[in-house]
Amino acid sequence: VQLQASGGGLVQPGGSLRLSCAASGFIFSINDMAWYRQAPGKQRELVAGITSGGIPNYTESVKGRFTISRDNAKKTVALQMNSLKPEDTAVYYCQSNRLGRVYWGQGTLVTVSS
(Lines give C-alpha, C1' and ligand atoms only; values in the text may rest on other atoms or scores of the structure.)
Protein backbone atom coordinates (compact mmCIF):
# COMPACT_ATOMS: atom_id res chain seq x y z
CA VAL A 1 0.00 0.00 0.00
CA GLN A 2 1.30 3.43 -0.93
CA LEU A 3 -0.16 6.88 -0.45
CA GLN A 4 1.95 9.57 -2.07
CA ALA A 5 1.00 13.11 -1.10
CA SER A 6 2.17 16.14 -3.04
CA GLY A 7 1.37 19.79 -3.61
CA GLY A 8 2.51 21.40 -0.40
CA GLY A 9 4.57 24.56 -0.30
CA LEU A 10 4.81 28.15 0.87
CA VAL A 11 1.85 30.41 0.18
CA GLN A 12 0.81 33.85 1.36
CA PRO A 13 -2.28 34.34 3.50
CA GLY A 14 -5.35 34.38 1.30
CA GLY A 15 -3.69 32.20 -1.29
CA SER A 16 -4.54 28.73 -2.56
CA LEU A 17 -2.91 25.34 -2.81
CA ARG A 18 -4.07 22.01 -4.13
CA LEU A 19 -2.87 18.84 -2.46
CA SER A 20 -3.04 15.52 -4.21
CA CYS A 21 -2.63 11.98 -2.94
CA ALA A 22 -1.94 9.11 -5.31
CA ALA A 23 -2.86 5.66 -4.05
CA SER A 24 -1.66 2.24 -5.05
CA GLY A 25 -1.64 -1.28 -3.72
CA PHE A 26 -5.28 -1.51 -2.66
CA ILE A 27 -8.79 -1.20 -4.04
CA PHE A 28 -9.09 2.57 -3.88
CA SER A 29 -12.76 2.85 -4.77
CA ILE A 30 -14.02 1.02 -1.68
CA ASN A 31 -11.92 2.97 0.80
CA ASP A 32 -12.89 6.08 2.65
CA MET A 33 -10.21 8.73 2.22
CA ALA A 34 -9.22 11.68 4.35
CA TRP A 35 -6.75 14.48 4.85
CA TYR A 36 -5.33 15.12 8.30
CA ARG A 37 -2.88 17.75 9.42
CA GLN A 38 -0.45 18.20 12.24
CA ALA A 39 0.83 21.61 13.24
CA PRO A 40 4.02 21.99 15.32
CA GLY A 41 3.36 21.06 18.91
CA LYS A 42 -0.21 19.96 18.22
CA GLN A 43 -1.99 16.68 17.74
CA ARG A 44 -2.89 15.40 14.32
CA GLU A 45 -6.42 16.43 13.39
CA LEU A 46 -8.92 15.52 10.71
CA VAL A 47 -9.28 18.22 8.07
CA ALA A 48 -11.62 16.62 5.55
CA GLY A 49 -12.86 13.19 4.61
CA ILE A 50 -14.70 11.65 1.70
CA THR A 51 -16.49 8.34 1.80
CA SER A 52 -16.18 5.64 -0.82
CA GLY A 53 -19.51 6.91 -2.11
CA GLY A 54 -18.21 10.45 -2.51
CA ILE A 55 -19.81 12.11 0.51
CA PRO A 56 -17.50 14.78 1.97
CA ASN A 57 -17.17 16.08 5.50
CA TYR A 58 -15.05 18.90 6.90
CA THR A 59 -13.79 20.15 10.18
CA GLU A 60 -15.49 23.40 11.10
CA SER A 61 -12.44 25.60 10.67
CA VAL A 62 -12.07 24.78 6.96
CA LYS A 63 -15.69 24.70 5.87
CA GLY A 64 -16.25 26.99 2.91
CA ARG A 65 -12.53 27.24 2.20
CA PHE A 66 -11.39 23.66 1.50
CA THR A 67 -12.85 21.10 -0.90
CA ILE A 68 -12.04 17.42 -0.90
CA SER A 69 -12.59 15.32 -4.01
CA ARG A 70 -11.69 11.91 -5.33
CA ASP A 71 -11.10 10.34 -8.72
CA ASN A 72 -11.55 6.59 -8.47
CA ALA A 73 -10.32 6.00 -12.01
CA LYS A 74 -7.02 7.76 -11.27
CA LYS A 75 -6.91 6.55 -7.66
CA THR A 76 -6.35 10.02 -6.34
CA VAL A 77 -7.82 12.21 -3.65
CA ALA A 78 -7.34 15.97 -3.72
CA LEU A 79 -7.73 18.80 -1.26
CA GLN A 80 -8.30 22.22 -2.76
CA MET A 81 -7.42 24.84 -0.16
CA ASN A 82 -8.50 28.43 -0.69
CA SER A 83 -8.33 31.53 1.49
CA LEU A 84 -5.46 30.01 3.41
CA LYS A 85 -4.64 31.34 6.85
CA PRO A 86 -1.44 31.16 8.90
CA GLU A 87 -3.19 28.73 11.23
CA ASP A 88 -3.51 26.29 8.33
CA THR A 89 0.26 25.80 8.48
CA ALA A 90 0.93 22.11 9.11
CA VAL A 91 2.09 18.87 7.63
CA TYR A 92 -0.85 17.40 5.73
CA TYR A 93 -1.31 13.64 5.59
CA CYS A 94 -3.43 11.50 3.35
CA GLN A 95 -5.24 8.55 4.94
CA SER A 96 -7.18 5.60 3.63
CA ASN A 97 -9.63 3.66 5.78
CA ARG A 98 -11.53 0.50 5.03
CA LEU A 99 -13.40 -1.02 7.97
CA GLY A 100 -10.75 0.18 10.40
CA ARG A 101 -7.74 -0.81 8.33
CA VAL A 102 -5.91 2.50 8.10
CA TYR A 103 -2.95 3.53 5.98
CA TRP A 104 -1.09 6.84 6.01
CA GLY A 105 0.90 8.73 3.44
CA GLN A 106 4.18 10.46 4.19
CA GLY A 107 2.85 14.01 4.56
CA THR A 108 3.38 17.24 2.70
CA LEU A 109 4.24 20.55 4.36
CA VAL A 110 1.98 23.56 3.90
CA THR A 111 3.30 26.88 5.16
CA VAL A 112 1.07 29.95 5.10
CA SER A 113 3.13 33.04 5.73
CA SER A 114 3.80 36.48 4.36
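Is Asn31 buried or exposed? At 5% relative accessibility, Asn31 counts as buried, where buried means under 20% relative accessible area, exposed means over 50%, and partly exposed is in between (1.4 Å probe, protein chains only). Asn31 lies in the loop between strand E3 and strand E4 (32–38). Leaving aside residues up to four places away in sequence, Asn31 touches Phe26, Ser52, Arg70, Ser96, Asn97 and Arg98; a contact means heavy atoms within 4.5 Å.

The model is predicted, with local features needing pLDDT of at least 70 and side-chain atom pairs counting only at pLDDT 80 or more, while totals for chains, interfaces and linings use all residues. Residues are numbered from 1 along each chain as its sequence is written, and side-chain values use heavy atoms, with hydrogens and water left out.

The chain has zero helices and 11 strands. Helices (H or I, at least four residues) and strands (E, at least two) are DSSP runs, numbered from the N terminus. With 114 residues, a compact globule would have a radius of gyration near 13 Å, and the chain agrees with this at 13 Å. That radius is taken over C-alpha atoms, and the globule rule is 2.2 Å times the number of residues to the power 0.38. Along its principal axes, the C-alpha trace spans about 40 × 25 × 20 Å. Of the 114 residues, 38% are buried. Among contacts with a separation of 6 or more, 52% are between residues 24 or more positions apart.

Strand E1 (residues 2–6) has alternating side chains. E1 runs antiparallel to strand E3 (residues 17–24), and five bridges join them; two strands pair if DSSP finds at least two bridges between them. In this pairing, Leu3 stands opposite Ala23 of E3.

Strand E9 (90–98) takes part in several pairings. E4 and E9 pair in the antiparallel sense over seven bridges, and Arg37 has Tyr92 in E9 as its bridge partner. E9 also pairs with strand E11 (residues 108–112), antiparallel and over three bridges, with Val91 opposite Leu109 in E11. Four bridges join E9 to strand E10 (residues 101–104), again antiparallel. There Ser96, one of the residues that Asn31 touches, stands opposite Tyr103 in E10. The hairpin of E9 and E10 has two residues between the strands, and Leu99 takes a positive phi near 50 degrees in this hairpin.

Other loops hold residues with positive phi. Lys75 lies in the loop between strand E7 (66–71) and E8. Its phi is near 60 degrees, a positive value in a residue other than glycine, and at 36% relative accessibility Lys75 counts as partly exposed. Ser83 is in the loop between E8 and E9. Ser83 is not a glycine either, yet has a positive phi of about 50 degrees; at 41% relative accessibility, Ser83 is partly exposed.

Glu87 also lies in the loop between strand E8 (76–81) and E9. With a relative accessible area of 56%, Glu87 is exposed. Glu87 and Ser113 are 26 residues apart along the chain, and their C-alpha atoms are separated by 9.4 Å.
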